[in-house]
Amino acid sequence: MSQTSGSTGTSGSKDDRTMAMLAHILGIFTGFIGALIIWMVRKEDSTFVAENAKEALNFQITVLIGYFVSFIAMFFLIGLLLWFAVWVCSLIFSIMGGMAASKGESYRYPVSIRLIK
């Protein structure tokens, strides 16, 4: 997991910023699927979109792992609290990533396993 967060670099046309923002925000509704589709479609066209979509994809995979761990923890009576914490973090960080991308900034999630490099 990374200890750095926030914005790194500025770039992107208006369309690129919109697609990068969608990669972050779609995670709230579609999990990793939205970011995966955007990354696969736009990774050759725009490095800005590819970078943001890849970061969002890694974060959503991390969130999925968090949901799995919280499901297992439900047998020990703390899973519901853990599930809620994962959901709140996913919501807040996805919105922060979308806002940074809409400004043309690349966003690094503070808690993310970077499986896709």
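1. How many helices and strands does the secondary structure of the protein chain come to? There are 4 helices and 2 strands, and from the N terminus on they run β-α-α-α-α-β. Bear in mind throughout that this is a predicted model. Of the 117 residues in the protein chain, 38% are buried. I'd also note the contact pattern: among contacts between residues at least 6 apart in sequence, 73% join residues at least 24 apart.

2. A word on confidence before the details. The pLDDT of the protein chain averages 88, and 90% of the residues score at least 70. The stretch to watch is residues 1–5, where the pLDDT is below 50.

3. Now the H1 and H2 pair. These helices pack with their axes 6 Å apart, at an angle of about 155°. That angle is over 145°, so H1 is roughly antiparallel to H2. On the H1 side the contact takes in Asp16, Met19, Leu22, Ala23, Leu26 and Thr30; on the H2 side, Phe32, Ile33, Gly34, Ala35, Ile38 and Arg42. Sorted by class, this contact of H1 with H2 has 8 nonpolar, 2 polar and 2 charged residues.

4. H2 itself, residues 32–42, has two sides worth looking at. Its buried residues are Gly34, Ala35, Ile38, Trp39 and Arg42. They lie on the same side of H2 because they cover an arc of only 125° around the axis. Met40 and Val41, on the other side of H2, are exposed. As for what covers the buried residues of H2, the cover includes helix H1 (14–30) and helix H3 (47–73).

5. Ile25 sits in helix H1 and counts as partly exposed, at 24% relative accessibility. Leaving out residues up to four places away in sequence, Ile25 touches Ser94, Ile95 and Gly98. From Ile25 to Ala56 the C-alpha to C-alpha distance is 8.7 Å, across 31 residues of sequence. Ile92, in helix H4, is partly exposed too, with a relative accessibility of 44%. Ile92 and Ile28 are 64 residues apart in sequence, yet 9.5 Å apart in space, C-alpha to C-alpha.

6. Then there is H3 with H4. At what angle do the axes of H3 and H4 cross? They cross at roughly 170° and come within 8 Å. That makes H3 roughly antiparallel to H4. H3 brings Phe48, Asn52, Phe59, Gln60, Val63, Gly66, Tyr67, Val69, Ser70 and Ala73 to the contact. H4 answers with Gly79, Leu82, Trp83, Val86, Trp87, Cys89, Ser90, Phe93, Ser94 and Ala101. By class, the residues of the contact of H3 with H4 divide into 13 nonpolar, 7 polar and no charged.

7. Last, a backbone point. Leu77 has a phi near 70°, which is a positive value in a residue other than glycine. Where is the place of Leu77? It is in the loop between H3 and H4. Leu77 is exposed there, with a relative accessible area of 80%.

Notes. Residues are numbered from 1 along each chain as its sequence is written. This is a predicted model: local features need pLDDT of at least 70, side-chain atom pairs count only at pLDDT 80 or more; totals for chains, interfaces and linings use all residues. Side-chain values use heavy atoms; hydrogens and water are left out. Buried means under 20% relative accessible area, exposed over 50%, partly exposed in between (1.4 Å probe, protein chains only). The arc is that of the directions from the helix axis to the C-beta atoms. Contact means heavy atoms within 4.5 Å. pLDDT is the predictor's confidence in each residue, from 0 to 100. Axes are lines fitted to C-alpha atoms, for helices over the stretch in contact, and angles run from 0 to 180 degrees between N-to-C directions. Angles under 35 degrees count as roughly parallel, over 145 as roughly antiparallel, 65 to 115 as roughly perpendicular and the rest as oblique. Ala, Val, Leu, Ile, Met, Phe, Trp, Tyr, Cys and Pro count as nonpolar, Asp, Glu, Lys and Arg as charged, and the others, Gly among them, as polar.
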